Amino acid sequence: MAFETPLPIKILGMGRYLPERVVSNAEVEALIGLPAGTIDRSHAGVRERRWVGEETGSYLGAMAAKAALADAGLEPGDLDLIINGSGTQEQAIPDGGPLIQRHLGLGGTGVPAISTHSTCLSFLVGLNVAANFLATGQYEKILVTSGDIASHALNPKEPEAFMLFGDAAAAVVVTRTPPGEASCMSSYVFQTYGDGAYHTAVMGGGTRRHPDNPETTPEDNLFHMDGKAVYLLAVEHAPKALYALRPSLLTEGLGTIKAVIPHQASGLALGAMTAKLGWPREKLALTIDKLGNTIGASIPVTLVEARDRGMFDRGDEIMLFGTGAGLSIGGAILTY
């Protein structure tokens with residue numbers, strides 16, 4: 001929903017980190033026994049993706065954070081809050097925030113480090129948390145970083161998901177908008193439809209199916225997705241989320257919005273959204289072809305690419321939008 005007063009948030013810098021290993025469709029097909037060309041003929045929209053070697057999720061997040069800090073002309077010591085907006089966990093306890101803090105050389109500083117975990121929408125939620133903190137004046141310079149590793153938990157028995165996901169990280173450094181400048185978050189929406197909670201899930205790793213529980217199976221620790229069910233539920237509810245974000249999106253198109261930064265759910269989902277709403281495809285930022293679906297990192301990784309491509313500039317309106325497990329649907333309209 002639009003705010004009565006836009007939240008004063010300005011992105012000072014952004015950056016991303018991609019693992020060196022590039023994994024082709026042919027390699028994935030060989031790994032899970034698919035006939036050559038299967039992925040290219042599917043609706044996944046993925047040509048290649050990145051998978052980690054020895055990197056951890058916190059390492060990915062910290063490397064992206066360093067790139068964002070450099071882009072902003074800042075040092076890690078300039079931060080007064082770290083938000084880890086990631087959809088995958090490196091370990092159960094502590095959350096990834098303190099681990100990223102250590103990687104940044106801030107382990108003895110006391111700088112608060114927290115996490116927002118909403119799977120593919122984790123970065124979006126973290127950005128909204130940051131915007132509200134900045135509006136109250138509680139913090140001045142906040143890092144929101146998202147580093148996700150999907151490749152470790154993919155199930156070879158579910159080729160639809162196995163072919164889709166990649167690993168990546170991206171980050172932004174944000175501050176309260178200085179007087180006289182236009183940067184802000186003017187609208188934000190987050191909706192959850194728990195009827196779809198088990199359409200996308202990793203059942204193991206928690207207290208319900210603990211690793212020491214004899215009833216826990218190896219497959220419980222792998223990612224499961226019913227792609228068709230997710231798609232149908234998203235199609236049903238996405239218009240309500242878009243209406244809450246800005247009603248004219250459904251009737252008048254993008255209007256003043258210069259670029260849409262969507263979660264890269266799949267080629268099918270992105271194509272269907274564009275066609276249904278009649279939005280100009282050139283305003284849609286896409287990285288699905290070369291990075292796949294990188295979970296929480298998906299939106300910020302694509303944001304960095306869109307900025308670098310010149311899809312938007314200072315003072316332009318941009319929209320972040322996507323879906324996540326839950327099933328959750330979220331979006332934000334920012335003046336960059």
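Start with how helices are compared here: axes are lines fitted to C-alpha atoms, for helices over the stretch in contact, and angles run from 0 to 180 degrees between N-to-C directions. Helices themselves (H or I, at least four residues) and strands (E, at least two) are DSSP runs, numbered from the N terminus. The model is a predicted one, where local features need pLDDT of at least 70 and side-chain atom pairs count only at pLDDT 80 or more, while totals for chains, interfaces and linings use all residues. Residues are numbered from 1 along each chain as its sequence is written, and side-chain values use heavy atoms, with hydrogens and water left out.

Now look at helix α3 (residues 57-72) and helix α4 (residues 96-103), which pack at an angle of about 55° with their axes 9 Å apart. That angle makes α3 oblique to α4, because angles under 35 degrees count as roughly parallel, over 145 as roughly antiparallel, 65 to 115 as roughly perpendicular and the rest as oblique. The crossing of α3 past α4 is right-handed, a label used when the near helix is turned clockwise from the far one by less than a right angle. On the α3 side, Ser58, Tyr59, Gly61, Ala62 and Lys66 meet Leu99, Ile100 and His103 of α4, contact being heavy atoms within 4.5 Å. Sorted by type, the residues of this contact come out as four nonpolar, three polar and one charged. In that sorting, Ala, Val, Leu, Ile, Met, Phe, Trp, Tyr, Cys and Pro count as nonpolar, Asp, Glu, Lys and Arg as charged, and the others, Gly among them, as polar.

Next, the backbone. Most residues other than glycine have a negative phi, and most peptide bonds are trans. In the loop between β5 (81-84) and α4 you'll find Pro94, and the peptide bond from Ile93 to Pro94 is cis, with omega near -5°. The bond from Gly326 to Leu327 is cis too, with omega near -15°; Leu327 sits in the loop between β13 (317-324) and β14. As for phi, Thr119 has a positive value of about 45° although it is not a glycine, and it lies in the loop between β6 (113-115) and α5 (122-136). Ile295, also not a glycine, has a positive phi of about 60°, in the loop between α9 (288-291) and α10 (298-308).
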